[in-house]
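Subject: Structure for your review

Dear colleague,

Please find below the structure that I am handing over to you.

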Amino acid sequence: MPRTPEENDRIRQLSKQNIRTAAMELFIKQGYYATSIHDVAKQAGISKGLLYNYYKGKEELLSEMVEARIREVVEVMEGATALKRPSEQLKHIIEGAIDNIHQNPEVHRFYLHLQTQPESDEELIKYSKLLIKENARMFEIQCEIFERLGVQQPRQRSLYFSSVLQGIMLMISTYPQIFPIEEIKKQIIQEFC
């Protein structure tokens with residue numbers, strides 16, 4: 001019995017996810033430039049020709065990975081803004097960010113590294129700028145949450161909140177095995193919510 005279009009699409013999406021996972025593992029281990037399409041295909045357990053059925057090249061693969069990362073961040077913020085109380089919204093942001101980093105610390109390090117590319121790196125700087133632009137947009141939403149919370153100087157409080165949260169995320173991604181995640185999560189929730 002032939003497959004339905006829906007089944008074909010599901011298989012295609014699973015294959016693309018397998019390729020993205022393989023690419024992420026290699027980008028983390030070897031770096032973007034040291035990883036070839038051949039390496040990605042081998043890591044994914046497919047032929048290079050089959051990989052090219054899904055992606056034109058390494059840059060298109062990275063582009064889709066960055067778009068997926070941005071969607072993850074947007075989903076957390078949309079989940080937060082769907083809540084009624086600002087304190088609940090902040091708690092959702094904290095838990096979403098910390099839980100995501102705890103589950104994938106090396107992925108966070110990869111995207112952090114991508115955001116700090118030199119301006120002269122024409123291939124990667126556009127992805128760095130995309131991530132930075134999205135972070136700035138999320139910061140503005142966060143400022144609105146602090147305004148509704150009624151704090152004095154909401155932008156400054158939001159900046160402090162972001163700095164604390166980003167620092168925690170960096171520590172978790174650097175020391176995932178020894179960082180007291182639940183204790184720190186409770187502490188930041190207590191301080192800001």
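Glu60 belongs to helix 4, which covers residues 58-81; helices here are DSSP runs of H or I with at least four residues, strands are runs of E with at least two, and both are numbered from the N terminus. Please note that this is a predicted model, in which local features need pLDDT of at least 70 and side-chain atom pairs count only at pLDDT 80 or more, while totals for chains, interfaces and linings use all residues. Residues are numbered from 1 along each chain as its sequence is written, and side-chain values use heavy atoms, with hydrogens and water left out.

Glu60 has a relative accessible area of 34% and is therefore partly exposed (buried is under 20%, exposed over 50%, partly exposed in between, with a 1.4 Å probe and protein chains only). Apart from neighbours within four places in sequence, Glu60 is in contact (heavy atoms within 4.5 Å) with Tyr54 and Tyr55.

Helix 9 comprises the 12 residues 181-192 and spans 16 Å from its first C-alpha to its last, close to the expected 16 Å (1.5 Å times one less than the number of residues). Its buried residues are Ile181, Lys185, Ile188, Ile189 and Phe192. Seen down the helix axis, they fall within an arc of 100°, so they line one face of helix 9; the arc is that of the directions from the axis to the C-beta atoms. These buried residues pack against helix 5 (86-103), helix 7 (122-149) and helix 8 (154-174). On the face turned away from them, helix 9 carries the exposed residues Glu183, Lys186 and Gln190.

Turning to the pockets, a pocket is an open set of points on a 1 Å grid over the protein atoms alone, where a 1.4 Å probe fits, with protein on both sides within 12 Å along at least five of seven lines; lining residues have an atom within 4 Å of a point. The largest pocket has a volume of about 620 Å³. Its lining has 28 residues, and Val73, Asn135, Met138, Gln166 and Met169 lie nearest the centre. Helix 7 gives the most to this lining, with 7 residues.

The second largest pocket has a volume of about 330 Å³. It is lined by 15 residues, with Gln17, Met24, Glu72, Val107 and Tyr111 nearest its centre. Helix 1 (5-30), helix 4 and helix 6 each supply at least two residues of that lining.

Yours sincerely

Key
Points joined across faces, edges and corners; volume = space filled by probe spheres on them.
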